[in-house]
Amino acid sequence: MTATLSSETMAIVKSTAPALQKYGLEITSRMYERLFVDPEMKALFDQAAQKSGEQPKRLAGAILAFAQNVDKLSVLRPAIESMAARHVETHIKPEHYPAVAAALLPAIRDVLGEAATDEVLAAWGEAYGFLADILIKREATLYAEEAEAAEDYAKV
Ligand code: HEM
């Protein structure tokens, strides 16, 4: 997993922010279409009782905020905290992350077409891995805290 992003990658990701602002919702809607071809992935969202139409908007917002603030992650802390908490509530695990990358990157190409050059997609692939790594680590801590609390409860 990526420990840091190079300044080139950050510059490319930031340069895509205007396109994401314009087409973010289209990209995330397309991403879900691709992701939900896999019934196992779809079930994760069905179980979460997906709020009608809200989830693509939230994901688009999160991706845009990430593109805009990729060089100042402290701005993203509250958003990361909220995503990690929701992921733990909905039992998202590290092994689920690659499927989302495999749906998101082609969705970017589907919607942006030629503008999504190989360079842009490679930068986004790296950036996704970076954000996924942050979320996975935070979620691991939350799962561990949950398990610890359950153990304490069992002792009572
Ligand atoms: C870097 C990758 C990811 C980002 C940026 C992201 C972003 C988000 C955001 C912004 C929310 C809404 C949080 C809130 O309610 O405050 C969310 C919820 C959720 N995410 Fe993710 N996510 C990522 C990866 C994943 C993966 C890998 C899965 C599983 C395949 C997943 C499944 C879910 C589910 C089931 C919810 C709850 C939906 C609901 O509220 O009904 N996410 N995610």
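**Ligand shell and nonpolar core**

In this predicted model, the shell around the ligand draws at least two residues from each of α3, α4, α5, α6 and α7; helices are DSSP runs of H or I with at least four residues, numbered from the N terminus. Local features need pLDDT of at least 70 and side-chain atom pairs count only at pLDDT 80 or more, while totals for chains, interfaces and linings use all residues. Residues are numbered from 1 along each chain as its sequence is written, and side-chain values use heavy atoms, without hydrogens and water.

Ligand site
- The ligand is surrounded by 22 residues, each with a heavy atom within 4 Å of it.
- Phe45, Arg58, Ser82, Arg86 and His87 are the closest of these.
- Polar side-chain atoms lie 2.6 Å (arginine 58) and 2.7 Å (serine 82) from an oxygen atom of the ligand.
- For histidine 87, a polar side-chain atom is 2.9 Å from a nitrogen atom of the ligand.

Nonpolar core
- The largest nonpolar core has 45 residues; such a core is a set of buried (under 20% relative accessible area, 1.4 Å probe, protein chains only) Ala, Val, Leu, Ile, Met, Phe, Trp, Tyr and Cys residues joined through side-chain atoms within 4.5 Å.
- Met31, Leu35, Phe66, Ile108 and Trp124 have the most contacts inside this core.
- At least two core residues come from each of α1 (7–15), α2 (17–35), α3 (39–47), α4 (54–69), α5 (77–89), α6 (97–112) and α7 (118–155).
- α7 gives the most, 14 residues.
- Beyond its neighbours within four places in sequence, isoleucine 108 contacts Ile27, Gly113, Ala116, Leu121 and Trp124 (heavy atoms within 4.5 Å).

Note on methods. Buried < 20%, exposed > 50% of the residue type's maximum accessible area, 1.4 Å probe, protein only. Polar contact = N/O pair within 3.5 Å; in protein donor to acceptor, adjacent residues only side chain to side chain.
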